Amino acid sequence: VRDMKGMIVGLAFAVFCLASCDPDAGSTVVGSGNDTQIGGVTFTVDTTYMDASGSGQLVARGLVRASVNISTPWYVEGQFYSDSTMSTKLGGANTSIDFPLSPGQSTFWTIRFFTSSVDVRQFPAFRVGDLRAVYKN
């Protein structure tokens, strides 16, 4: 009986862990968790800089290449981090792309990030990561 109780408790714990461990948890980058991620895209970050106008915007630019058909409208989104360790997240931003891409086509993207929570001008060595293409639902 004792071994059976231990096995039931262990099984209940395992079921609880599996039920509470969402494989998609944390995958929401910007906006709604209902957004549909577009697979078959690759990102390149070409440039990151702080807006010289003094507005406190961090800017990232790059190229996205499609290996699938992407219809409009779709979005490029990413997270901004304080430095190359990517351990302190400043926040996220996105930009709308209002034209489709076919397999093999690429386009340029620009994401601008600003917040009233922190003076982003304190992070000149910022990085952008967790880039993805999504359809907003």
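**Strands, core and rings**

Visitor: Where does methionine 86 lie?

Guide: This is a predicted model: local features need pLDDT of at least 70, side-chain atom pairs count only at pLDDT 80 or more, and totals for chains, interfaces and linings use all residues. Residues are numbered from 1 along each chain as its sequence is written, and side-chain values use heavy atoms, with hydrogens and water left out. Elements are DSSP runs numbered from the N terminus (helices H or I, at least four residues; strands E, at least two). On that basis, methionine 86 lies in the loop between β4 and β5.

Visitor: What is the phi of methionine 86, which is not a glycine?

Guide: Most residues other than glycine have a negative phi. Methionine 86 is partly exposed at 34% relative accessible area (buried is under 20%, exposed over 50%, partly exposed in between, with a 1.4 Å probe and protein chains only). Its phi is positive, at about 55 degrees.

Visitor: Which peptide bond is cis?

Guide: Most peptide bonds are trans. Here, look to the loop between β3 and β4, where proline 73 lies. With omega near -15 degrees, the cis bond runs from threonine 72 to proline 73.

Visitor: What is the strand order in the open sheet of three strands?

Guide: The edge strands are β2 (41-50) and β6 (106-113), each pairing on one side only (a pair needs at least two DSSP bridges between the strands). Strand β3 (residues 58-66) pairs with β6 in the antiparallel sense over eight bridges. The order is β2-β3-β6.

Visitor: Which residues form the covered face of β6?

Guide: In a regular strand the side chains alternate between the two faces of the sheet. The uncovered face of β6 has Ser106, Phe108, Thr110 and Arg112. The covered face has Thr107, Trp109, Ile111 and Phe113.

Visitor: How many bridges join β4 to β7?

Guide: The two strands run antiparallel. Valine 76 stands opposite alanine 133 in β7. β7 also pairs with β1 (residues 36-37) over two bridges, where threonine 36 stands opposite tyrosine 135. Between β4 and β7, the number of bridges is six.

Visitor: Which element gives the most to the largest nonpolar core?

Guide: This core has 22 residues, and those with the most contacts inside it are Leu58, Ile70, Trp74, Phe80 and Phe113 (a core is a set of buried Ala, Val, Leu, Ile, Met, Phe, Trp, Tyr and Cys residues joined through side-chain atoms within 4.5 Å). Two or more residues come from each of β3, β4 (74-81), β5 (89-97), β6 and β7 (127-135). With four residues, the top contributor is β3.

Visitor: Is glutamine 57 buried or exposed?

Guide: Glutamine 57 lies in the loop between β2 and β3. Beyond four places in sequence, it contacts Tyr49, Met50, Asp51, Arg112, Phe113, Phe114 and Val120 (heavy atoms within 4.5 Å). At 17% relative accessibility, glutamine 57 counts as buried.

Visitor: Why does the pair of phenylalanine 43 and tryptophan 109 tie together separate parts of the sequence?

Guide: Rings of Phe, Tyr and Trp (its six-membered ring) pair with centres within 6.5 Å; planes under 30 degrees apart are stacked, over 60 edge-to-face, the rest tilted. Here the centres are 6.4 Å apart and the planes at 75 degrees, so the pair is edge-to-face. Phenylalanine 43 is partly exposed at 22%, while tryptophan 109 is buried at 2%. Phenylalanine 43 lies in β2 and tryptophan 109 in β6, so the pair spans parts whose separation in sequence is 66 residues.

Visitor: Which residues do ring pairs link into a cluster?

Guide: The whole structure holds three aromatic pairs. Ring pairs make a cluster of Phe80, Phe113 and Phe126.

Visitor: Which residue lies over the face of tyrosine 75?

Guide: A charge sits over a ring if NZ of Lys or CZ of Arg is within 6 Å of the ring centre and within 35 degrees of the ring normal. At 5.5 Å from the ring centre of tyrosine 75, the residue is lysine 136.
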